[in-house]
Amino acid sequence: MGTSTERGTRPPLSRERVVVEAVALADADGIAALTMRRLADRLRVEPMSLYHHVANKDEILDGMVDVVFREIELPTSSQVDWRAAMRGRADSARAALRRHPWAVGRMESRAQPGPATLRHHDAVIGCLRRAGFTVALAAHAFSAIDSYLYGFAQQELALPFHTPEETAAMAETFLDRFPADRFPHLAELTLEHVLQPGYDYGEEFGFGLDLLLDGLERARRGTG
């Protein structure tokens with residue numbers, strides 16, 4: 001522990017500060033590194049001090065997920081183009097999950113959702129309802145969009161390459177190991193698509209999202 005002067009220069013401990021530091025710890029070292037001891041060390045306090053502000057680790061996880069939801073762009077009541085609103089929200093959510101990889105698979109897992117989580121869900125449903133979606137179709141749309149969003153984010157984070165250079169190197173290795181005479185369609189896709197200049201796997205997200213939104217628009221029109 002530092003001197004009393006050093007302690008006096010630090011912001012006072014609070015639930016918000018505990019949660020924000022927990023997010024920073026998980027971002028840097030992964031969710032497995034998040035223990036009360038590690039978090040207390042990061043905050044330069046004794047572990048028992050944390051329990052004056054949070055009941056347990058579950059409450060910290062609740063708050064961490066709420067922090068991520070707080071970063072996601074929400075549809076507003078003034079937006080009239082529901083597709084643009086859903087696309088903006090999906091792009092913003094994907095960016096937030098890339099900043100916080102530990103959050104993938106945890107965004108809808110909390111039994112005690114925080115205010116940002118509730119505000120987010122209400123805004124998405126409200127946007128769909130204003131666009132003419134029935135209650136049931138709004139539920140279907142929300143589920144379909146989020147299943148695609150979270151699934152793509154999980155797959156994207158799991159890939160063994162992250163830059164165009166790494167992608168190209170992986171593709172070249174792939175071709176060496178799996179010759180075209182045995183796997184002609186894989187070779188064709190690799191040569192004519194993956195190894196083309198400017199290829200970015202992340203761009204697949206927009207293509208799939210547009211297909212999904214097209215289908216939801218057809219369903220929306222069918223409810224009128």
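## A residue to start from

At 30% relative accessibility, Ala168 counts as partly exposed, because that class lies between the buried residues, under 20%, and the exposed ones, over 50%. Ala168 belongs to helix α9, which covers residues 164-177. Although Ala168 and Tyr199 are separated by 31 residues in sequence, their C-alpha atoms are 8.9 Å apart in space. This description, like everything below, refers to a predicted model.

## The overall build

The protein contains 11 helices and zero strands, so that, read from the N terminus on, its elements run α-α-α-α-α-α-α-α-α-α-α. Its radius of gyration is 22 Å, well over the 17 Å that the globule rule gives for 224 residues, and the protein is therefore more spread out than a compact globule. The box that its C-alpha atoms fill, taken along the principal axes, is roughly 70 × 55 × 25 Å.

Of the 224 residues, 39% count as buried. Where contacts link residues at least 6 apart in sequence, 70% of these contacts join residues that are at least 24 apart.

In soluble globular proteins, nonpolar side chains tend to be buried together. In this model, the largest nonpolar core has 58 residues, and those with the most contacts inside it are Ile60, Met64, Trp82, Met107 and Phe133. At least two residues of this core come from each of the helices α2 (15-29), α3 (36-43), α5 (57-70), α6 (82-99), α7 (115-130), α8 (135-158) and α11 (204-221). The largest share, nine residues, is supplied by α8.

Met107, one of the residues with the most contacts inside the core, shows which partners such a residue may have: leaving out residues up to four places away in sequence, Met107 touches Val65, Val68, Phe69, Ile72, Leu97 and Tyr150.

## Trp102, a buried loop residue

Trp102 is placed in the loop between α6 and α7, and with a relative accessible area of 5% this residue is buried, because the cut-off for buried residues is under 20%. When neighbours within four places in sequence are left aside, Trp102 is in contact with Val23, Ala26, Asp27, Ile31, Met64, Val65 and Val68. Of these partners, Val65 and Val68 are also touched by Met107. By contrast, Trp102 and Ala169, which are 67 residues apart in sequence, have C-alpha atoms 27 Å apart in space.

## Where α6 meets α11

The helices α6 and α11 pack at an angle of about 145°, with their axes 11 Å apart, and their crossing is right-handed. On the α6 side the contact is made by Trp82, Arg83, Met86, Arg87, Ala90, Asp91 and Arg94, while on the α11 side it is made by Phe205, Leu209, Asp210, Leu213, Asp214, Leu216, Glu217 and Arg220. Taken together, the residues of this contact divide into seven nonpolar, no polar and eight charged.

Not counting residues up to four places away in sequence, Glu217 touches Trp82 and Arg83, both of which are among the α6 residues in the contact with α11. Trp82 is also one of the residues with the most contacts inside the largest nonpolar core.

Notes:
Residues are numbered from 1 along each chain as its sequence is written. This is a predicted model: local features need pLDDT of at least 70, side-chain atom pairs count only at pLDDT 80 or more; totals for chains, interfaces and linings use all residues. Side-chain values use heavy atoms; hydrogens and water are left out. A nonpolar core is a set of buried Ala, Val, Leu, Ile, Met, Phe, Trp, Tyr and Cys residues joined through side-chain atoms within 4.5 Å. Buried means under 20% relative accessible area, exposed over 50%, partly exposed in between (1.4 Å probe, protein chains only). Helices (H or I, at least four residues) and strands (E, at least two) are DSSP runs, numbered from the N terminus. Contact means heavy atoms within 4.5 Å. Axes are lines fitted to C-alpha atoms, for helices over the stretch in contact, and angles run from 0 to 180 degrees between N-to-C directions. A crossing is left-handed if the near helix is turned anticlockwise from the far one by less than a right angle, and right-handed if clockwise. Ala, Val, Leu, Ile, Met, Phe, Trp, Tyr, Cys and Pro count as nonpolar, Asp, Glu, Lys and Arg as charged, and the others, Gly among them, as polar. The radius of gyration is taken over C-alpha atoms; the globule rule is 2.2 Å times the number of residues to the power 0.38.
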